[in-house]
Amino acid sequence: MKIAILSLQGAFIEHARILQRLGAETFEIRQASDWDRQKDALVIPGGESTVILKLLHELNLFQSVRRAIAGGLPVFGTCAGLILLSRHLLNPRSPYERIGTMDITTCRNAYGRQLGSFFTVHDFKGAGHPLPMSFIRAPYIEKVGDGVEVLAEVDGHIVAARQGNQLVTAFHPELNDETFIHQLFVDMVRESVSSKRGSDIGK
Amino acid sequence: MEQSRQELNRNLAQMLKGGVIMDVTTPEQAHIAEEAGACAVMALERIPADIRAAGGVSRMSDPKMIRGIQEAVSIPVMAKCRIGHFAEAQILQAIEIDYIDESEVLSPADDVYHIDKNAFDVPFVCGAKDLGEALRRISEGATMIRTKGEPGTGDIIQAVRHMRMMQSEMRRLTSLQADELYEAAKSLRVPYELVKYVHDNGKLPVVNFAAGGVATPADAALMMQLGAEGVFVGSGIFKSGNPEKRARAIVQAVTNFRDAKMIAELSEDLGEAMVGINESEIAVLMAERGK
């Protein structure tokens, strides 16, 4: 299993470390030529969403990334990644078009400045035990469309969701030792790979 | 300060990695920096080159000016206080700054004690010339480190010297035997636990940026290849001929710091770089402030 990690800016190494621990092979996407490599999934990490989005466009990655996700490439977006995948943004900032493939409405910097950043331990659908969650100048999801499954809510705000092959969290599972959410993503990718293989055989 | 606050503050620095933090003096400049791809801005009244030119005592900026910049952008806003001036730091915390830089660029307020940064909820970044300084600042509560470099000169030599020094001292620590770490802690004048961390992990427990003298995309690529996790650009942008273009080029050079071909293209037609002064020509070595 090969997972591409968008490595334009932010906390991408942290994702690679956890995914490698879970047995996945990872590689970095820093420019358009990196995108040509074979991959089964993509991670869009935390960082500054305005910076990552701008670099996606300037480095001519945007169209291919969006086309692949719209075509079903499994994607995991944390924090800034969640913002980039959101169809609607309550307080948009960047003049650039977002990926916008997930039917969610998001509020950026929803908890204010760094003094509003917080850590909590909270329930997550299917985990069976509360998970550590670090919110760093985080967004939250204001509302979700049909077909979006809510996976976690903290203080009445949606902070994790899934729509088909797209998984997003407003917090940073890559910053803790807990691997449940990354394992969930790896399972999603495995399922997508085997169903693709099945449909290829059917052709 | 509770343990988790310290961790959250280290985490914010992790989110800034691979990014460029730019000095700005007005909301307009802050806006240009954000548009150009800065991952954060440093709000200050005068950029280091002008502080150097003006001389005299240099202090924390007017809170009103900082607020203006906070309102102008949505990325994190940092601001500087004087070394040891905890009252200035309290003021910056009161206006909810995202990161305080306890900075040698301003005139030091205390020639013995740094701020007890563990007593604050907002995060601090501090400059360091070597591993001892870096670990002392971390033990005082800094959650991000940067090289001191020599601010306001456009001369990269000090940033290179400081980054190489830190990296080589870290490599040396990783090669020591367990029973040699106590003596290493003594000679570095830092807590044993931090020496042990570096020995086990080969890196600082917090994010480490380059700062001081970065003026070109090549400077940024040089610092990244030497082990920086991101760069601060102070006077280098708004003291140059075409700040917008230069800022954008430096941002891209940091992401693709090993791609010389791309950096060659990015370096074309950037206009005048800041004139700069050589390290050997200046009277005040800011990097010697606060050890």
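Trainee: How many cavities of 30 Å³ or more does the rule count?
Mentor: This is a predicted model. The rule takes cavities of 30 Å³ or more. The count comes to four.

Trainee: How much space lies in the largest cavity, and which residues lie nearest its centre?
Mentor: The space in the largest cavity is about 200 Å³. Its lining holds 24 residues. Those nearest the centre are Asp23(B), Pro48(B), Pro151(B), Gly212(B) and Gly234(B).

Trainee: Which elements each supply at least two residues of the lining of the largest cavity?
Mentor: Look in chain B.

Trainee: What classes make up the lining of the largest cavity?
Mentor: Sort the lining by class. Gly goes with the polar residues here. The lining has nine nonpolar, nine polar and six charged residues.

Trainee: How much space lies in the second largest cavity, and which residues are closest to its centre?
Mentor: The second largest cavity has about 130 Å³ of space. It is lined by 15 residues. Closest to the centre are Gly47(A), Glu48(A), Cys79(A), Ile136(A) and Arg137(A).

Trainee: What area is buried between chain B and chain A?
Mentor: Start with the contacts: 39 residues of chain B meet 34 residues of chain A. Carbon and sulfur atoms give 53% of the buried area. The area is about 3000 Å².

Trainee: Which three residues supply more than any other three of the area that chain B buries against chain A?
Mentor: Take the area that chain B buries. The leading three supply 22% of it. They are Met15(B), Ser74(B) and Thr255(B).

Trainee: How far apart are the closest N and O atoms of Glu58(A) and Arg248(B)?
Mentor: The rule finds four salt bridges across the interface of chain B and chain A. Glu58(A) and Arg248(B) form a salt bridge. The cut-off is 4 Å. Their closest N and O atoms are 3.8 Å apart.

Trainee: Which element gives the most to the side of chain B that touches chain A?
Mentor: Four helices of chain B each supply at least two residues there: H1, H2 (27-36), H4 (63-72) and H12 (243-255). The top contributor gives nine residues. It is H1(B).

Notes:
Residues are numbered from 1 along each chain as its sequence is written. Chains are lettered from A and ligands numbered from 1 in the order in which they are written. This is a predicted model: local features need pLDDT of at least 70, side-chain atom pairs count only at pLDDT 80 or more; totals for chains, interfaces and linings use all residues. Side-chain values use heavy atoms; hydrogens and water are left out. On a 1 Å grid over the protein atoms alone, a cavity is a set of points where a 1.4 Å probe fits but cannot get out, and a pocket is an open set with protein on both sides within 12 Å along at least five of seven lines; lining residues have an atom within 4 Å of a point. Grid points are joined across faces, edges and corners, and a volume is the space filled by probe spheres set on the points. Contact means heavy atoms within 4.5 Å. Buried area is the accessible area (1.4 Å probe) that two parts lose on being put together, summed over both. A salt bridge is a side-chain nitrogen of Lys or Arg within 4 Å of a carboxyl oxygen of Asp or Glu.
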